[in-house]
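Open the model in your viewer and keep the sequence panel beside it. The stops below say what to select and what is there.

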Amino acid sequence: MKLANDAPIVAVPMCVKQIDGQNFHTVGEKYLTAVINGAGAYPLSFPALGPVLDPNALLDQVDGVLFTGSPSNVAVHHYDGAPDRPESPQDPGRDAITLPLIRAAIAREIPILCICRGFQELNVALGGTLDTQVHSADGRMDHRAPKGVPYEEMYGPRHKVTFSAGGQFARVLGKTETQVNSLHWQGIAKPAARIQAEGRADDGVIEAVSLKDFAGFCLGAQWHPEFKVTENPDSMALFKAFGAAARARRQHRVGSVAQVGAQRPGAAA
């Protein structure tokens, strides 16, 4: 897909990955292609360098933020959680930028879409807590990625999610249930006060959220709609809605910049 020159810009956080003893900042290609082919926007990746980056300086340049999934988990000290499993992968650099960035984006009503780790970051950033091992709780199914299967099967449909009638997910998708993939150890334990649970798996695990009393676009999905986005109508609907919100934001951002330029001394009449 070739993007228009005036397509919106969507920021996409990177994760820290060690290769040969060195830190590399990376982002999964499926998220970048989903921004392009699903949202019709330019992805702009930024490093997980924590407080080195000013969230508002970044947000000045973009029209939306996609908070991606990741192999790593949000550190438990951010939500006073119980000790995580010893082998739980961590990424303190990402925690240090994404959590304040979520709060700043919401304060400025910049569109955000949160997937898997991003879904969990949204809840933690706003004061909620996480269950670090969903599968171990009574009555819960195993939401972790299946082992020993091909990549395509790993991201295949695993279970149903039922959405609240009249909620934003039901409106965007035009339905009250869908089949989703499942590749997560963790999930929402206590929702933050502003979090509105809109979708649940049959075992009660929260799978889709929005924000209460919020005029902007802010949706979170615990599953992975970015995987082969163009082949799944529900995933396309979600990314298209995100892209539409980002385009509206771009019009506002570009218009504001043009207005400031016109007011500067010496600007052409």
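How do the residues of the lining of the second largest pocket divide into nonpolar, polar and charged? They divide into 8 nonpolar, 7 polar and 4 charged; Ala, Val, Leu, Ile, Met, Phe, Trp, Tyr, Cys and Pro count as nonpolar, Asp, Glu, Lys and Arg as charged, and the others, Gly among them, as polar.

This is a predicted model, in which local features need pLDDT of at least 70 and side-chain atom pairs count only at pLDDT 80 or more, while totals for chains, interfaces and linings use all residues. Residues are numbered from 1 along each chain as its sequence is written, and side-chain values use heavy atoms, with hydrogens and water left out.

**Stop 1: the second largest pocket.** Select Asn 181, His 224, Phe 227, Asn 232 and Ser 235, which lie nearest the centre of this pocket among its 19 lining residues. β9 and α7 (233–263) are the elements that give two or more residues to the lining. The pocket holds about 250 Å³ of space. (A pocket is an open set of points on a 1 Å grid over the protein atoms alone, where a 1.4 Å probe fits, with protein on both sides within 12 Å along at least five of seven lines; lining residues have an atom within 4 Å of a point.)

**Stop 2: Ser 182.** Select Ser 182, in the loop between β9 (177–180) and β10 (187–188). Ser 182 is buried, with a relative accessible area of 1% (buried means under 20%, with a 1.4 Å probe and protein chains only). A polar atom of its side chain lies 2.8 Å from the backbone oxygen of His 143. Show also Arg 144, Ala 145, Pro 146, Arg 158 and His 159, which, like His 143, Ser 182 touches, not counting residues up to four places away in sequence (contact means heavy atoms within 4.5 Å).

**Stop 3: the largest pocket.** Go to the largest pocket, with about 720 Å³ of space. Of its 33 lining residues, select Gly 69, Ser 70, Pro 71, Ser 72 and Tyr 155, the closest to its centre. β2 (15–19), α1 (29–37) and α4 (117–125) each supply at least two lining residues, and β2 gives the most, with 3. By class, the lining has 14 nonpolar, 12 polar and 7 charged residues.

**Stop 4: helix α3.** Select residues 92–107, the 16 residues of α3. From first C-alpha to last, α3 reaches 23 Å, close to the 22 Å expected at 1.5 Å a residue (1.5 Å times one less than the number of residues). Its buried residues include Arg 94, Asp 95, Ile 97 and Leu 101. Glu 109 follows α3 and has a positive phi, near 55 degrees.

Note on methods:
Helices (H or I, at least four residues) and strands (E, at least two) are DSSP runs, numbered from the N terminus. Buried means under 20% relative accessible area, exposed over 50%, partly exposed in between (1.4 Å probe, protein chains only). A polar contact is a pair of N or O atoms within 3.5 Å; within protein, one must be able to donate a hydrogen and the other to accept it, and residues adjacent in sequence count only if both atoms are side-chain atoms. Grid points are joined across faces, edges and corners, and a volume is the space filled by probe spheres set on the points.
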